[in-house]
Each structure stands twice: as structure tokens, then as C-alpha cells.
Amino acid sequence: MPSLAWIVAVVVAIGAGFALLALTSPDAAAAASRGPRLEGSIDLVEGTPGSVRVAGWALDPLGSGGVGVAVAVDRSWTLVPAQNLRPDIWRFFPRSGPFHGFDVRLAASPGPHLVCVVAAGGRLPQRPLGCRLVSAGPPPVGVIDTAEVLAADEVTLSGWALFPAATDAVELKATVDGSVAATAVAATSRPDLAAVFPAAGADHGFRLAVPAAPGRHEICVTASVAGGAALHRLDCRTVDVPVTQPRGSLDSVRIDGADLVVEGWADDPDTAGSIDVRVTASRDQVGDPAVTVTVADRPRPDVAAFLGVDARRGYSARITGVAAGTRTFCAVAVNQHLGNDRIVGCRTVNVADSRPVGSLDTISPVPGGVRVRGWFADPDTRAPVTVVVTVDGSPHSVPATGSRPDVAGAYPAFGDAVGFDVTIDGLANGVHDVCVSAPDVVAGAGLVGTRVLPCGGVVSTSTYSVATTGAVASGGTVGPPPGNPLTRIDRDAGVTAMLRDGSTLWLFGDSMERAGDGSLRYFINNTAAWAPPGSAGVTLDAVVGGQPVQFASPTDAFPTCTRPTDTRAMWPTSAVVIADGPVDRVLVYLTNICMGRGQPTEAHGVALAEWVYEPGSGGNGQPIVATVLNQRLFSDFHEAEAAVIGTDGRIYAYACDGPEQGGWPTEYGPCTISRVAPSDAAVAASYRYWNGSAWVAGKSSAAPVVMPDGRDGVTNLPPGGVNVVHDATSGLYVMGYSPWPGYTNQMALRFATAPQGPFSAPLVLSVADCNDTAGGTRYLCYAAGVQPRFSQPGRLGVGWYDQLVAITPLRGAYTAGSVPLEIVRW
């Protein structure tokens with residue numbers, strides 16, 4: 001006999017309008033099922049808070065797809081596909097595949113419910129799988145306790161939500177005017193709830209931020225029931241969201257003389273006063289755009305009438321130093337109180353330049369003065385330009401009317417009467433600044449005003465004079481060629497040793513590479529690379545395991561670090577090359593360093609290492625590894641910061657005192673010098689120090705090397721990182737370094753006729769592209785020095801480490817170049 005449950009199922013199904021399925025009793029179905037039929041099973045029917053869950057499987061044994069189930073909860077039917085993975089069923093019906101499961105939650109009111117399931121689809125008739133009686137638990141309940149505007153365009157809701165008869169956390173959706181805007185889970189501690197709903201427990205509080213535009217909104221919190229298939233509204237609030245974000249406009253960008261002026265208005269509803277506006281201007285350099293900050297406090301009655309605010313809402317930002325070309329300007333209103341900074345407008349402008357153009361070709365020493373030559377022309381007129389040559393602040397005007405056929409050939413529109421040549425007499429020995437500028441003759445379209453060139457200088461003594469235009473030209477970064485695994489390497493210091501065959505040994509302090517996310521791929525202290533003759537800036541590095549090779553490894557004699565977890569490192573400071581029969585012996589001085597993550601470095605004296613090179617053998621891709629001759633050559637880490645081979649074949653080593661972690665200019669110095677025979681370089685006792693008249697034992701007897709102050713009156717002694725080379729052409733010793741504070745966009749040059757000095761006052765030069773920002777952080781240059789491999793007739797090779805040459809990933813690089821230099825011996 002059919003069971004009572006089955007009879008009830010048939011009656012309910014027919015009552016629900018499913019008589020077309022021709023449901024019959026199991027006995028009748030068995031009699032009619034001699035052939036294939038839809039197969040299936042109800043594996044699970046359970047009541048949950050606010051819903052019922054039904055799971056099982058259904059399939060067509062002939063292998064056709066499209067089989068699903070119709071699930072009835074009382075008189076409400078839902079079609080559900082049977083396509084969940086059920087490998088346990090697949091083995092009995094291999095032709096049908098493994099995806100025939102179903103698992104569904106359906107909304108249901110609290111209390112008992114009749115749940116029936118019918119398999120349907122495929123090529124076979126529908127088949128009832130059965131019915132079950134099940135009770136659903138009570139739906140979730142909850143309350144919004146507070147609805148507050150704590151941030152711009154956002155409402156913060158706090159409250160609670162729970163199932164009265166279960167400890168399960170309620171999944172919430174917050175809606176704004178009926179649209180879902182945020183989700184959360186009510187799972188924070190609310191001890192007050194446990195007393196009212198003991199079966200639910202205490203962990204059912206919530207706090208969520210709901211985005212909402214300014215205006216009045218109905219904000220509701222709903223609970224997900226039936227596995228997310230339905231939402232159950234818990235509570236609602238009507239909230240007025242105020243306007244809090246700053247607003248404004250960039251109205252215009254105009255040229256005013258040599259500057260750009262950006263104007264507009266800005267207002268923040270959160271404050272009655274004026275706000276700041278940050279104006280950015282794109283640049284050609286790597287890094288952030290140039291930034292100018294102004295205040296929106298100029299009268300704008302039109303804005304006052306429109307917004308109903310104080311009229312002091314206009315801004316006018318003057319942008320200086322903008323180069324010609326396509327530039328993008330953006331204005332950002334700086335937020336007050338609630339909200340965020342907001343871009344209120346951008347404009348892209350093609351900036352023309354009608355100022356005079358020209359060149360400072362040479363600055364040449366003459367007895368008692370300086371000769372300055374070059375050319376200038378105004379693109380808006382053939383009238384001559386009056387050039388102003390300023391020496392130590394004193395101007396001297398000269399017309400640019402001299403014959404320059406070379407300029408006429410390159411710029412026919414200017415003609416050839418554009419040259420200037422002036423000699424300034426009456427200069428005492430010492431250092432003098434020489435600057436050249438050219439005022440506009442006719443104001444044309446675009447930038448107008450005075451063209452100012454980088455300043456040069458001259459330093460004179462009774463025996464020699466040195467002059468430079470100050471235009472430091474970059475020759476590019478030093479590194480491997482394209483295709484090398486180390487192409488994106490970042491390494492500083494840049495100590496060089498010039499080998500006899502014309503090749504170059506490069507020694508670097510720290511070498512590293514960053515991944516795209518900024519993380520370190522490797523970090524190795526003191527590495528070396530070889531560059532072939534004629535290509536001093538192209539290093540053919542050894543690569544082991546995707547990394548460079550360490551040059552000198554600390555020995556067991558390395559001094560003890562005060563922090564046991566520190567890394568023992570060695571930084572190269574100077575190097576000399578000794579021709580020893582068929583080989584070159586490269587002696588390298590290195591500072592012993594203890595490095596700890598997030599800790600200041602500790603210097604522990606100076607080591608000496610040696611690398612032997614056979615000229616002509618090349619170093620293409622070969623590991624360059626030194627032998628440490630003396631790990632503790634000097635206890636003072638300042639020793640041998642610079643070293644040079646004198647004309648007598650001895651090593652001359654310089655030490656410039658100063659605080660290890662940086663200090664004021666007056667805290668640096670003095671500098672002292674010692675000398676030693678190359679064969680005794682590894683023996684500290686063999687070094688002899690200059691006491692002002694003779695070479696004596698013991699540093700305590702050393703006299704300061706004479707190094708006069710610069711034009712600004714600052715001592716300008718090397719704050720770290722200095723080198724000295726001998727210029728064979730002029731016979732002078734040239735010292736190069738980054739002046740105080742060490743991280744700078746300048747480099748200093750001093751000169752002497754003997755390694756022990758006296759040295760001249762410094763010529764301080766500006767280095768382009770050494771003052772950038774990225775992500776709000778300022779990046780400069782350091783470790784400037786003389787690089788003879790990059791010298792040419794009339795130009796001195798120089799180099800420096802640039803902290804920022806690329807953004808993605810952020811990377812610095814050692815850069816080499818040259819500067820015009822004219823030396824005259826008297």
C-alpha cells in the first residue's frame with residue numbers, strides 16, 4: 001500500500017498545479033518502469049533559520065543533459081538545475097557524467113513545511129523523488145543602533161543582528177535607496193545580547209561604512225537568508241548626507257613673463273575659511289611633477305553668488321622654472337575635516353619660449369682676470385642681444401654682435417652677428433663665480449624675460465688657474481648592456497681603477513635590484529665589474545644565480561660588531577693600480593661596516609684588498625674576486641677615503657674627519673694625508689704623514705691639508721666620498737666630492753700642484769637631474785668624484801650616484817659625464 005506521506009505529496013502537488021506531471025503511486029510507477037526513467041534522490045532536507053535546505057541528485061541514465069528538479073515548499077515551487085559535482089553517483093551512471101547534484105536553500109517562515117522534489121528534463125518523463133516534512137527556524141532579527149556621518153560621502157552604521165535560536169553569524173547587506181552598497185557579518189562582541197537571546201550568544205554586533213552621495217537617503221540593513229537567495233529586512237534609517245568634499249575649478253593657465261599662472265577657485269563646505277590649493281606642473285625629469293601651494297583667498301563674487309559662501313575662494317598660483325614644451329597643470333583642493341583632497345581641474349598647455357637663446361662656450365683664465373665667450377640671439381628680432389656677464393655679483397654688459405658664422409650655419413634666421421667676447425680684469429687669486437644672462441629684446445609669444453644660464457667659475461693661484469662653464473653633461477648611467485640579467489641593477493659608490501690596457505675596473509658599494517612591487521630581489525655589498533677599452537660605462541658583469549658576485553669577503557679578522565645580528569660588509573672607498581711586470585695589481589681600500597636592518601651603520605676601520613689583472617686578458621663576464629691583505633689595516637675608518645699614485649710612484653692616501661652619522665659643515669675636517677710605498681701598503685706602520693714640512697710617522701703628528709673655504713664662506717670639506725686623481729696634461733692633482741651635506745645636486749672640485757696641497761678653494765658646480773621627488777620623497781645625488789676615463793680634450797670626466805633614474809621599480813644608478821675645464825699654468 002502507498003504510504004500516507006506519498007498520498008499527501010500527490011495531493012499537495014496536484015493542489016499546487018502540477019497535475020500535468022501525471023504523478024502516480026510508487027506501485028503504479030514500478031509497473032510502468034520496465035524501460036529507462038529519470039533517476040534521483042533526496043539526500044537532505046533540513047530546517048534553518050528563515051529557510052529550508054534541500055540537497056540530492058537527479059540525472060538521465062541515457063546521458064542527455066538538462067535535468068533539474070522542481071522543489072516545492074508548501075505551494076511555492078522553484079526550479080533548480082542539478083549540476084553540482086557528485087563523483088559518488090558517476091560510478092553508477094558512467095554515461096551521464098559527474099555533475100548532477102543539487103543543494104538549495106529556500107526562504108521559509110518559522111514552523112512546519114512540506115517539501116517535495118520532482119526530477120524533470122532530459123528525454124524521459126518527469127519523476128517525483130518524494131516529499132519531507134521539516135520545520136524552519138525563526139528568521140533573523142536586528143536593529144540599527146546608530147547611523148552617523150563620520151567621513152565624506154559615507155554613513156557609518158552600528159547595531160546588531162542574530163538568529164534567535166542559533167549562534168550562526170548573520171550575513172548583512174546594507175542598501176541605499178534599495179541598492180546594495182556594502183556588506184558585513186554581524187560577529188563583533190555585544191555582551192548585552194546574550195541576556196536577551198541566550199540561545200544566540202553575544203557575538204552578533206556590526207559596524208560598517210556605507211558609501212552614500214550627498215543628499216537624503218533611506219539606508220537599510222537586510223539579512224541574507226536561504227543561502228543568500230533572499231534578503232530579510234531588519235531595520236532602516238533616513239539619513240541626510242552633507243556635502244563635505246572640497247570642490248572647485250581650474251579656470252585658466254596663462255603665461256606671465258617667464259612664469260605660468262594657474263587660476264581658478266576652490267571651496268570646502270567643512271570650513272568657513274579659505275583652503276589651500278596644490279598646483280602641479282608636469283616635467284621632463286623622472287619623478288613627481290613640480291608642486292606649488294597657494295591659498296584660495298582671492299575675491300570671486302561669482303562663486304559666492306552661486307554657492308552662497310564667502311567670496312574669498314579664488315586662487316592664483318605662479319609656477320616658476322617651467323620649461324618649454326607640452327605641460328599638464330592640475331589643481332588639487334586640499335581637504336579640511338571630512339573628505340579627501342580632490343582634483344578640481346587639469347589643463348594641458350603647449351608652452352612656447354621666446355626668450356633669447358644662446359650658449360656660454362668658454363670661460364678662460366687670463367692673467368688677473370677671466371675671458372668669457374659665447375653667443376646669444378633673440379628669436380623675435382634681428383636686433384642684438386645685450387649679454388650680462390656677472391662676476392662675483394658685479395654685472396658687466398656686452399653686446400652680442402661678434403661674428404659667429406657657425407651659429408648662422410646652424411640657425412640661419414639669427415644671422416652671424418650674435419657672438420660676445422669679454423674679458424673681466426682685476427680679479428685677485430681665489431675662487432670667483434661667473435654667471436651669464438641675456439634679457440629679452442622683444443617680447444614674443446610664450447615665455448619672455450631674461451635667459452639665465454648655469455653659472456661657472458674660475459679659481460686662480462700664483463702658479464695656475466682653472467675655469468669652467470659649470471655645465472655638467474651626463475654621459476649616461478654605468479651598467480651592463482641590454483640583455484644582461486643585471487640590466488636593472490642599482491649600485492652606488494663608483495670607485496674606478498684604470499688598467500693599463502685601457503679597460504676599467506669598477507668597484508661599487510651596495511648592489512641591489514627591486515622587483516616590480518618594490519621588494520628586494522638581492523642585496524650584496526661591494527661588487528666589481530669590468531668595462532672594456534673605449535666603453536668605460538658599459539660593464540660586462542659576472543652573474544651567478546642571477547646576482548652579481550661579491551668582490552671582497554670579510555675574513556675571520558673582521559672586527560666584532562656591537563650588534564650580533566648585523567651583517568659584516570665592506571665598502572670600497574679608493575683604489576690604485578700598480579704596474580708590476582706583466583700584471584696590474586689593483587690595491588683597494590675598503591671600510592669595514594656593520595649593517596643592521598633599520599639601524600645606523602657602524603664603521604670599524606679600514607681593510608686593504610688586492611686584485612691582480614693581466615692586461616689584455618679581458619674580464620668579460622668573469623667573476624672578479626679580491627684577496628684581503630689586511631682586514632684591520634687602520635682602526636680609523638676615515639683613512640684612505642681617497643688614494644692616488646703620485647709622480648714618485650708612492651700611494652698618497654687622504655683622510656677627512658667627520659661625524660659618522662652626519663653633522664653640520666663646521667663638524668667636518670680637517671683632512672690629512674699619508675704616503676706609502678706600494679709594496680708596504682698592507683702595513684699600517686709604514687705610512688708616513690705630512691706634518692706641513694716633512695713626512696713623519698704617526699697620524700698624531702699630521703698637519704691639516706690646506707683647503708680654503710668656498711665663496712659662500714662655508715668650509716666645504718668633503719662630508720664623505722672623495723677622490724683625487726693626477727691630471728698628467730696639466731700636472732695638477734684634482735679632488736672631487738659631493739659638498740655638504742653629501743646628498744646634494746652639486747659637486748665640488750679642488751686643485752693642487754702636489755698631492756699634499758695646498759688645495760685651491762672649491763669650484764662648486766650644479767648637476768642637472770639631481771633633485772627629484774617620487775611619492776613625495778626627495779631624491780638627490782651623492783658620491784660625486786673625478787672619472788678620468790670620461791675625460792676629453794677640454795673636458796674633465798666626472799661621476800656621481802643618482803638616487804632616482806627610474807620609477808617602476810624605483811631605482812638609482814651611478815652616472816658618468818664630463819664638465820668643460822680649462823687649466824692654465826703660469
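The second largest pocket is lined by 37 residues, and L453, P454, C455, G470 and S766 are the ones nearest its centre. The model is predicted. The volume of the second largest pocket is about 940 Å³. Strands β31 (430–438), β32 (451–452), β33 (456–460) and β51 (763–766) each contribute at least two residues to the lining of this pocket. By class, the lining of the second largest pocket divides into 19 nonpolar, 12 polar and six charged residues.

Over the whole structure, two cavities of 30 Å³ or more are found. The second largest cavity holds about 40 Å³ of space. Its lining consists of S738, T744, N745, Q746, V767, C770, C781, Y782, A784 and W800. Strand β54 gives the largest share of that lining, with three residues. Six residues of the lining of the second largest cavity are nonpolar and four are polar, with no charged residues.

A search of the whole structure finds 17 aromatic pairs. Two of them are set out below.

| Pair | Centre to centre | Angle between planes | Class |
|---|---|---|---|
| W375 and F414 | 6.3 Å | 45° | tilted |

What do W375 and F414 tie together? W375 lies in strand β26 (residues 369–377) and F414 in the loop between α6 (405–410) and β30 (417–424), so the pair joins parts that are 39 residues apart in sequence. W375 is buried, at a relative accessible area of 10%. F414 also counts as buried, because its relative accessibility is 15% and the cut-off is under 20%.

Are Y743 and Y782 buried or partly exposed? Y743 is partly exposed, with a relative accessible area of 46%, whereas Y782 counts as buried at 18% relative accessibility.

Aromatic residues also group beyond pairs. W506, F508, F790 and Y814 make up one aromatic cluster.

Key:
Residues numbered from 1 in each chain as written. Predicted model: local features only at pLDDT ≥ 70, side-chain atom pairs only at ≥ 80, totals over all residues. Heavy atoms only, no water. Phe/Tyr/Trp six-rings, centres within 6.5 Å; stacked < 30°, edge-to-face > 60°. Helix = DSSP H or I, 4+ residues; strand = E, 2+ residues; numbered from the N terminus. Buried < 20%, exposed > 50% of the residue type's maximum accessible area, 1.4 Å probe, protein only. 1 Å grid on protein atoms, 1.4 Å probe; cavity = no way out; pocket = protein on both sides within 12 Å on 5 of 7 lines; lining within 4 Å. Points joined across faces, edges and corners; volume = space filled by probe spheres on them. Nonpolar A, V, L, I, M, F, W, Y, C, P; charged D, E, K, R; others polar.
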